Amino acid sequence: MKIKEITEFINNGVTVGEQTCDTYKIGNEENEVKKVAVTMFATVDNIRKMKDWGADFVIVHEPTFYDHFDTKFSEDVVVKEKYKLLEEAGITIYRWHDHPHCDKPDRIFEGEIYYLGLKGDEKPTNWGGSTVLTLDEAMTASEIVKIIEDKLNVRNLRVAGELNKKATKLACCFGTPGGVFDLLRDPEIEIVLTGETIEWMLCEYARDAAALGRNKSLIVMGHIGSERDGMRLLAEKLSKQFPSIETKYFECGEAYNYIR
Ligand SMILES: [Fe+2]
Ligand SMILES: [Fe+2]
């Protein structure tokens, strides 16, 4: 099987804008594939592990070379070294970012909610990459944080605003999509979940809104913690779809170290 057949399968039926970051970053789509690795980031540690495993194709959600289109810093020393590492590993990388976010449902949202086990009515927002989830069973922000910790193994979540009032209207802005502040300010929305944020703006708004008696909170999960389970679900789907090739999800972990 060729690499491009897998790419065609994961992108099937989804239209993205003309200027998309969903391109091959290195390698050749005509190459034969036996082992597919799926991850959030092709970190250096991950590339080494994938090479040892024998991966020939890697599907990532995020940039490999620190800019949205992976082209801006090609003369940087770290970029050059990383590129060489990938060449030596014989790995082809494809970024799967716009396609999952333009699909219906958003495939990253689908994975997050699937592993969280949250049930409710889903409605995409006017902001690409964000979905409103109306929970069947009301929960507090504190209870949702506990579920995220337990089910997604995310640590060091941050919550600004109300912790203890029951809520049903969640805006799921996984990663860092546009429109998070608009959704947070929407009087209908009680809890916003996001990857990373602007503290002076969004966190302070949530804090003040709660202090003024509104049921409003912002849960910050970390970028990787808020999106990686979408990629985990993709790995599961590929395993089922292509039993003749090996598929493995590689955890890149958080970028931060916590020194206590
Ligand atoms: Fe994303
Ligand atoms: Fe992202």
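Two strands are taken to pair if DSSP finds at least two bridges between them. The model is a predicted one, and in it the bridge partner of T134 in strand β8 is K169. This bridge belongs to the pairing of strand β6 (residues 131–139) with β8, which runs in the antiparallel sense over five bridges. Helix α5 packs on the sheet and touches β5, β6 and β8, and its direction makes about 15° with that of β6.

The sheet as a whole is open and consists of six strands in the order β5-β6-β8-β9-β10-β7, with mixed pairing. Its edges are formed by β5 (120–124) and β7 (158–161), each of which pairs on one side only, and from one strand to the next the twist averages 20°. Strands of a sheet pair through backbone hydrogen bonds, and they do so either parallel or antiparallel.

Strand β8 (residues 167–173) pairs with β9 in the parallel sense over four bridges, and C173 stands opposite T194 in β9. Together with helix α7 (residues 180–185), the strands β8 and β9 make a right-handed β-α-β unit. The pairing continues from β9 to strand β10 (residues 217–220), again in the parallel sense and over four bridges, with V192 standing opposite L218 in β10. Here the chain crosses from β9 to β10 through helix α8 (residues 199–211), and this β-α-β crossover is likewise right-handed.

Most residues other than glycine have a negative phi, and most peptide bonds are trans. The peptide bond from K104 to P105, however, is cis, with omega near 0°, and P105 is placed in the loop between α4 (98–102) and α5. N156, in the loop between α6 and β7, has a positive phi of about 60° although it is not a glycine; with a relative accessible area of 34%, N156 is partly exposed.

The loop between β3 and α3 contains D70, whose phi is near 65°, a positive value in a residue other than glycine. Because its relative accessible area is 11%, and buried means under 20%, D70 is buried. D67 has its place in the loop between β3 (57–60) and α3 (77–89), and D67 also counts as buried, at 12% relative accessibility. Leaving aside residues up to four places away in sequence, D67 touches K72 and F73. The C-alpha atoms of D67 and N46 are separated by 19 Å, while these residues are 21 residues apart along the chain.

Key
Residues are numbered from 1 along each chain as its sequence is written. Chains are lettered from A and ligands numbered from 1 in the order in which they are written. This is a predicted model: local features need pLDDT of at least 70, side-chain atom pairs count only at pLDDT 80 or more; totals for chains, interfaces and linings use all residues. Side-chain values use heavy atoms; hydrogens and water are left out. Helices (H or I, at least four residues) and strands (E, at least two) are DSSP runs, numbered from the N terminus. A crossover is right-handed if, with the strands pointing away from the viewer, the path from the first strand over the helix to the second runs clockwise. Axes are lines fitted to C-alpha atoms, for helices over the stretch in contact, and angles run from 0 to 180 degrees between N-to-C directions. Contact means heavy atoms within 4.5 Å. Buried means under 20% relative accessible area, exposed over 50%, partly exposed in between (1.4 Å probe, protein chains only).
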